[in-house]
Every structure is written in structure tokens, then in C-alpha cells.
Amino acid sequence: MKLKSLLCLAAALPLAAWAADPLPAFHGDAKQSSVSGLSSGAFMAAQYQVAYSASVVGAGVVAGGPYYCAKGALAGAGPCMNAGQPPAAAQLLKYARQFAAQRQIDPLDQLAQRRVYLFSGSQDNTVKTQVVDEAAEFFRLAGVPAAQIAYQKQLPAGHAQITPAYGNDCSATASPYINHCSWQGQGYDQAGLILKHIYDGLQARSQALTGRIVRFNQKPYAAAGSSLADEGFVYVPRACAEGETCKVHIALHGCQQYAGKVGDAFYAHAGYNNWADSNRILVLYPQTTTSAVNPQGCWDWFGYTGPAYAWKSGLQMRALKAMADRLVSAP
């Protein structure tokens, strides 16, 4: 089925009424991809940025901590959230340098060219601000210039992705973990701030979407034990569907925020799609699911998929990279 026919079908049928197709491919540059996430998705975004720094140009870390914060153990996750002192960034950077020397992740010198946005709500008691502070310090010590790090921690927000108008009140920490907040007299557009910080010269967000959310089959990317759902989603701007060159942004939900739990709250309302629509950005919304070792549907930043979880060979890491690369692989 041709892509335009697929998009027309998507428009005609409710999302749940049609079967997921293979992840489509468009024209683009895999070395212009970026990533962001909330909570476990934020830890994963930082992890992905560090591991794939040769091809990932920027990251957004919303209520997340530094690379390898838990050091591969569930017992280490508590200090990386709200129980105790998180590991110092300098200590974690030593691990990253060791992994780079072993070629488990990309060389760290590429990070000096990357851009990072970080956020901690002052009312967030799930992932404390000092944890996000260590994430900022990690990137600084790893060579990201101060001018390329944006860090907002003054907004009185709870544990959530922030939008100008959609979701719970600003200070809430409640499902679907999307809050609306104001800052300096206007709605806080977190998705826009992330994308504008990563990519220079973006056009204003579209007021009305011209593209479509496409549901795709995630099974080819979901190795046994990866805790990935059967289906994922991607926002496809019309310009990308019509053959223009596009970039990929990977948007990672948090724990208990996967589609099986909150429906379309994250992939339709987190705020990325309107910016993507006017700027030829494909937004990949991969999805986790629950399992015995992952009962809340979190992304793996503490080792439940195995000891390689923070390396390029990690089950979820290589799945995300394969999906992102596939999206811009059209000849």
C-alpha cells in the first residue's frame, strides 16, 4: 500500500480499527536525529544521547538523571529519583569513558557539538531536582558548552511533561503526567522549547495539523525480554509523506504513560506534533509494555533488560536506533 493511501485510510478509520503496518520509510538524514523524554523516558533520552552521540544531535531531559545513574542495579534507582543522594556526575562520567574506550558507546568527544535541554519542576517529588542537577553536570563535564545547555528548574510543576494548555494543573503529579503551566505570562511550550533548542531556525508551530499519526508494528524491533509493546506510533507531517527531506525526533513516554495505559495522551497531546508539522520532523513514539520485571511500563535505565542496557547493544537502545534509522531510509 502506498503511503498516501495509508494516510487516507488512517483519516477514514478510527485508530483502533485498522491493523498496524510496517514502520514506513521517508527521505532524511539519520545523523540529524534527536531524542527527548519524561521520567524513565528522560533517563533513557540522556542514555541514548550519550551512547549515540555521533548521530544524535540533541536531547531533552524532563525530570531525568545522568547517564548510567543506577549503575545497572534496581537498588541504585532510588538515589537517582528521590531517595538519597544520586551518584556524582564525575563518577558516572568515568563509567561512560570506560564504555567508550571499549567501543560499547560512541566516543564522547562528539558531545561537545550537541545540545541538551533539561527540566525539573519545583513541585516534582518523584525525581528530585538534585538528580537533574547531576544530569546537567554530567553533560557539562563531558564537554557540552554551557551555551548549549538549557536548564529550567523554576517552574512550579509536578512530575509531568509540560504544555501550554493541555492536561492537569501545573503542580499535579497524576496520570497522564501531562500538565499545563504558564511562565512569564504565557503557556509553557516544553516540546517547542526542546525542539527549538536542538534545531536552529525552526518555523512557528502549525495551528492545524496537516499530517497524520500512523500506528506501526513494533514487533520486528522487539527482541525477547525487551519489554516493548507490539505497536508504536509516528507522527508523519504531510511534507515528509510527499517526499521532502525530514529529520527524526524520538519522544519517549514515562512510566505508566505508555499508550496501553493512557491512550493517545502522550503521542497526540505532548506538544511535539504541531512543531514537527511545520518543520519536516518525523516524531517517533515508541512504546513499552509491562512485564514481570517492568510492572510500570518504564524504559530501561537501570538494567532490567540485561547488563548491556546502557550500551548501543542494549535491547531497547538498538531497537530505538533501528526504528529511527528506518524512518529516514528511503532511497
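This is a predicted model: local features need pLDDT of at least 70, side-chain atom pairs count only at pLDDT 80 or more; totals for chains, interfaces and linings use all residues.
Where is Lys 71 found? Lys 71 sits in the loop between β2 (56–62) and α3 (89–101).

Lys 71 has a positive phi of about 55 degrees, although it is not a glycine. With a relative accessible area of 32%, Lys 71 is partly exposed.

There is another residue of this kind. Tyr 177 is also not a glycine, and its phi is positive, near 60 degrees. Tyr 177 lies in the loop between β5 and β6. Is Tyr 177 buried or exposed? Its relative accessibility is 16%, and the cut-off for buried is under 20%, so Tyr 177 counts as buried.

The peptide bond from Ser 175 to Pro 176 is cis, and its omega is near 10 degrees.

Now the interior. In soluble globular proteins, nonpolar side chains tend to be buried together. In this model the largest nonpolar core has 102 residues. Which members touch the most other members? They are Tyr 67, Ile 105, Phe 138 and Tyr 272. Helix α2, residues 40–51, gives the most to this core, with eight residues.

Take Phe 138 from that list. Leaving out neighbours within four places in sequence, Phe 138 is in contact with Val 50, Pro 66, Tyr 67, Ala 89, Leu 92, Leu 93 and Ala 96. You can pick out Tyr 67 among those contacts, and Tyr 67 was also on the list of core members that touch the most others.

Next, empty space. Rolling a probe the size of a water molecule over the atoms shows where empty space is left. How much space lies in the largest pocket? The answer is about 350 Å³. The lining of this pocket is made of 22 residues, and Met 81, Cys 255, Gln 296, Cys 298 and Phe 302 lie nearest its centre. By class, the lining has 14 nonpolar residues, eight polar residues and no charged residues.

On to the charged side chains. Side chains of opposite charge can pair when their charged atoms come close. How many salt bridges does the structure hold? It holds eight.

Arg 115 is partly exposed, at 25% relative accessibility. Asp 200 is exposed, at 60%.

Another salt bridge is between Asp 133 and Lys 153, where the closest N and O atoms are 3.0 Å apart. Asp 133 belongs to helix α4 (residues 129–141), while Lys 153 is in the loop between β4 (149–152) and β5 (161–163); the two are 20 residues apart. Asp 133 is partly exposed at 27%, and Lys 153 is partly exposed at 38%.

The remaining example is Arg 215 with Glu 231, at 3.4 Å from N to O. Arg 215 is in strand β9 and Glu 231 is in strand β10 (residues 231–236), 16 residues apart. Arg 215 is buried, with a relative accessible area of 10%. Glu 231 counts as partly exposed, at 30%.

Finally, two residues in loops. Gln 148 is in the loop between α4 and β4, and at 19% relative accessibility it counts as buried. Which residues does Gln 148 touch, not counting those up to four places away in sequence? They are Ala 112, Gln 113, Arg 114, Arg 115, Val 116 and His 197.

Lys 312 is in the loop between β12 (281–285) and α10 (315–327), and is partly exposed at 28%. Along the chain, Lys 312 and Gln 104 are 208 residues apart, yet their C-alpha atoms are separated by 6.1 Å. With residues up to four places away set aside, Lys 312 touches Gln 104, Ile 105 and Asp 106, and also Ala 51, Tyr 52, Met 317 and Arg 318.

How values were computed:
Residues are numbered from 1 along each chain as its sequence is written. Side-chain values use heavy atoms; hydrogens and water are left out. A nonpolar core is a set of buried Ala, Val, Leu, Ile, Met, Phe, Trp, Tyr and Cys residues joined through side-chain atoms within 4.5 Å. Buried means under 20% relative accessible area, exposed over 50%, partly exposed in between (1.4 Å probe, protein chains only). Helices (H or I, at least four residues) and strands (E, at least two) are DSSP runs, numbered from the N terminus. Contact means heavy atoms within 4.5 Å. On a 1 Å grid over the protein atoms alone, a cavity is a set of points where a 1.4 Å probe fits but cannot get out, and a pocket is an open set with protein on both sides within 12 Å along at least five of seven lines; lining residues have an atom within 4 Å of a point. Grid points are joined across faces, edges and corners, and a volume is the space filled by probe spheres set on the points. Ala, Val, Leu, Ile, Met, Phe, Trp, Tyr, Cys and Pro count as nonpolar, Asp, Glu, Lys and Arg as charged, and the others, Gly among them, as polar. A salt bridge is a side-chain nitrogen of Lys or Arg within 4 Å of a carboxyl oxygen of Asp or Glu.
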